[in-house]
Amino acid sequence: MHTRNNDSQVRASETQKCTLVSVILNVILSIFQVAAGMISGSQGLIADGIHSFSDLFSDFVVMVANKKSQQDSDNDHHYGHLRFENGAKFIIGGILLFVGLGMLWSAGNKLFHGQSHQEVKTIALWVSLLALGIKEILFRYMLATGRRINSSLLIANAWHARSDAASSVVVAFGITGNLLGLHSMDLLAAFIVAIFIARMGYLFASDALHDLMDRSVDAQTELAIRNCLLTTDGVLGLHDLKTRKMGDYALVDVHLEVSKEISIREGHDIAVEARKRVMNHCNVLNVMTHIDPDH
């Protein structure tokens, strides 16, 4: 458990550092994009700036959840508080979904109800391209860190940043079209960005909700757990293997089959060793074992 605690502390520290970098960049970007959008008359750039601003709230959620999830178990949470991470991922998805729907309504209303399409200024294109470069760098930094420390929360926030980068591509094309005389292209870009954001939010929220409802681990992870158990000396078989997500870890329940000729003490020692092997080789928080005699 000491190693597990050290791993959690490293993950928390790395997540906090990554999120602070994201906060600083998103503050600068959101102010710069919205201001440039208002000056240049670009609805797409304003929409992109609002999207960047939504990242600030998701960063705040990540920081709070990261701190809360490190709290030890207590009388109300016997397995600890790691599911704060799942809950935070759900909130981030909800933020993206509602921001996307709001932008969709605004852009769609202007696009499809005959409002005049404003010609944008060239500065909007340069700002959108600068924002695109910064967001892509931020995405790659956060994703690499998230994968290295195995943090689904940080990975979700990284893809939030990538959705910003992708939206900046669309906005850049929209502004370019507007500058070439297709004035509705800027509003169309804002509309497409809104669809992209709403879809990303739905996927994140749906995935987190499944984890909160005790979804099992993926097939590859379950196979690794099964192999760890079956290759333990004294384990003759297993049944009723069940798993459920707890943050980025898993909880495991399993019935281990051992020889009916051995003592209870020997069976207990086999179960302890099996649990130890799974904890050392898989991303598992706890393994609950039950010993059954073989037939």
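How many cavities of 30 Å³ or more does a search of the whole structure find?

What you see is a predicted model, where local features need pLDDT of at least 70, side-chain atom pairs count only at pLDDT 80 or more, and totals for chains, interfaces and linings use all residues. Residues are numbered from 1 along each chain as its sequence is written, and side-chain values use heavy atoms, with hydrogens and water left out.

Let's start with the overall layout. The protein chain has eight helices and three strands; these are DSSP runs numbered from the N terminus, with helices (H or I) of at least four residues and strands (E) of at least two. Along the sequence the pattern reads α-α-α-α-α-α-α-β-β-α-β. Of the 295 residues in the chain, 46% are buried, where buried means under 20% relative accessible area, exposed over 50%, and partly exposed in between, using a 1.4 Å probe on protein chains only.

Now the sheet. The three strands make an open sheet in the order E1-E2-E3, with mixed pairing; two strands pair if DSSP finds at least two bridges between them. Strand E1 (237–246) and strand E3 (284–293) are at the edges with a single partner strand each, so one side of each has no neighbour in the sheet. On average, neighbouring strands are turned by 15° against each other, direction ignored; the axes are lines fitted to C-alpha atoms, for helices over the stretch in contact, and angles run from 0 to 180 degrees between N-to-C directions.

E1 and E2 run antiparallel, joined by eight bridges. One example is Lys-242, whose bridge partner in E2 is Asp-253. The two strands form a hairpin with two residues between them, and Gly-247 in the turn has a positive phi of about 65°.

Back to my opening question: the search finds one cavity of 30 Å³ or more. On a 1 Å grid over the protein atoms alone, a cavity is a set of points where a 1.4 Å probe fits but cannot get out, while a pocket is an open set with protein on both sides within 12 Å along at least five of seven lines; lining residues have an atom within 4 Å of a point. The largest cavity holds about 40 Å³ of space. Its lining includes Tyr-79, Arg-244, Asp-253 and Met-288, and E2 and E3 are the elements that give two or more residues to that lining.

And the pockets? Helix H6 (185–212) and strand E2 (249–258) each give two or more residues to the lining.

Technical notes. Grid points are joined across faces, edges and corners, and a volume is the space filled by probe spheres set on the points.
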